Amino acid sequence: MNIPNLTPVFCAANGILIDQFDDEKIIFGLLDMNDEILKLRIKKSYPGFKCVFINLDTDVFNLKLSQLYSEDIEPNEIGGNYKFLDNRESIIDKVADDAPAINLLNSIFLEAISRRASDIHIESGREEADIRCRIDGILITVKKINRDRGIAISARLKILSNLNVLENRRPQDGHIDIKTDSYSLDVRISIIPTIWGESIVLRLLNRSDINFSLDTLGFSENNYNSILDMLKNRSGLILITGPTGSGKTTTLAAILKTLDIKKTKIISIEDPVEYRIDGITQIQVNEELELTFDSLLRRIFRQDPDIIMIGEIRDIQTAELAIRAALTGHLVFATLHTNNSIEAIYRLQNMGIQSFMLAGVLKTIIAQRLIRKICPVCSNLGCEKCSNTGFYGRTVISELIPISTVLQDLISKGISTAEMRAYLENIKIKNLFDDAEEKIKEKITIKAEVMRELGVRNE
């Protein structure tokens, strides 16, 4: 039976879509069940049917809307006849008004948002382009499109981010802002040429007012209380370590939100600024303008800060300035790429930081990872909510080392990694594996997920 459909644009603007229908009845999904005027308009538009309205949450609505956008694309509208033209204006004119490309890109963004993706990968192949989303740290293929549609999406993204549409031989980076009533995204775009076309990665940074706090990240009670204790320091260096994607920036943002922002001057240097926090002076690194971590850090001493947050210690210059700031009475938070807490000490020493100086300022080291949590709906069996992965959301596993006077002496003496690890085991400091085992016992995650993230424990 052919029922007049609602256009994707109407659905997006009014928060309504057709969920199910038969010969007598149409079930409409609504974001706002109290919108009686909209219900009345819909009933008048479908006089021969019984109209039933059900409530859809935002994620489900966005996912169904993304599918509707995909269905609105005619298979042959782009097809094999889509070719780049000889002049830039013609390309821009064509792609800027290309409804199928616009709808397809909208569907990709909506699906990614509804699935809680952190990144979108658009990868050209010989005949098709794969659209993959990184969800809870894992890449999942969400759709395949023909190669020509991939070219149209690439051109559309380049126009939106003011990149060179004609350039497909060199890497390009850019960003676009996406805003709706319910969310605000800063989309960082990286485009790399490949043998079959281009690989495009879109990093989705949520600019919306995310309601998270330190006590919701998953820290064990003991580590959570230790973090609160470390915040009583008025000066010194606090390190948060872990590989890329381990949640270091989120933990730092949650810590900063815990501090007394009204009575202190807090300055952060980040690349990029992922969370915008009212009351904190946040500075974006821009290497093209020579605004690097170390150059900015030299400048902010004149800004009379009480607390300094350094998005990442990448080199000896930044490390030395962080130590200097901590020595001169500032409380400094910084991240470092290491696999565990102990490695952070030796990483800084290998950079060139003298052991006695590091021992004098270091207050706490936190190492962390993110592991996926068992889906609360299907209990790891796989369902629509968890994209059939069995997992929904992630939690922190962590190890935390408070630097006591004894540890300061050991760091100053330059003891070996093995000696340091033996001492920490002797004083019952729990490591990442210990914390993960607690999460398994509490049925928050499973052993296979811990092994995927941490590998096999060496006894």
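Modeller: Happy to. The sheet is an open one, built from 3 strands in the order 1-2-3 with mixed pairing. At its edges are strand 1 (16-21) and strand 3 (50-55), each of which pairs on one side only. On average, neighbouring strands are turned by 30° against each other, direction ignored. Strands here are DSSP runs of E with at least two residues, helices are runs of H or I with at least four, and both are numbered from the N terminus. Two strands count as paired if DSSP finds at least two bridges between them.

Before going further, please bear in mind that this is a predicted model: local features need pLDDT of at least 70, side-chain atom pairs need pLDDT 80 or more, and totals for chains, interfaces and linings use all residues. Residues are numbered from 1 along each chain as its sequence is written, and side-chain values use heavy atoms, with hydrogens and water left out.

Back to the strands. One of the residues involved is Gly29, whose bridge partner in strand 3 is Ile54. In general, strands of a sheet pair through backbone hydrogen bonds, in either a parallel or an antiparallel sense. Helix 2 (residues 36-45) lies across strand 1, strand 2 and strand 3, and makes an angle of about 145° with strand 3. Such angles run from 0 to 180 degrees between N-to-C directions, with axes fitted to C-alpha atoms and, for helices, over the stretch in contact.

Now look at Phe28, which belongs to strand 2. Is Phe28 buried or exposed? Phe28 counts as buried because its relative accessibility is 0%; buried means under 20% relative accessible area, exposed means over 50%, and partly exposed lies in between, using a 1.4 Å probe and protein chains only. Setting aside neighbours within four places in sequence, Phe28 is in contact with several residues, among them Ile16, Ile18, Ile42, Tyr46 and Phe53. Contact here means heavy atoms within 4.5 Å.

The structure holds 2 aromatic pairs. In one of these, the ring centres of Phe28 and Phe53 are 5.6 Å apart and the planes meet at 25°, so the pair is stacked. Rings of Phe, Tyr and Trp (its six-membered ring) pair if their centres lie within 6.5 Å, and planes under 30 degrees apart are stacked, over 60 edge-to-face, the rest tilted. Because Phe28 sits in strand 2 and Phe53 in strand 3, the pair ties together parts 25 residues apart in sequence. Phe53 is buried as well, at 13% relative accessibility. Together with Tyr46, Phe28 and Phe53 form one aromatic cluster.

As for the rest of the chain, the peptide bond from Asp271 to Pro272 is cis, with omega near -5°. Pro272 lies in the loop between strand 11 (266-270) and strand 12 (281-284). Asp304, although not a glycine, has a positive phi of about 55°, and Lys428, also not a glycine, has a phi near 65°. Most residues other than glycine have a negative phi, and most peptide bonds are trans. Asp304 is exposed, with a relative accessible area of 60%, and Lys428 is exposed at 69%.
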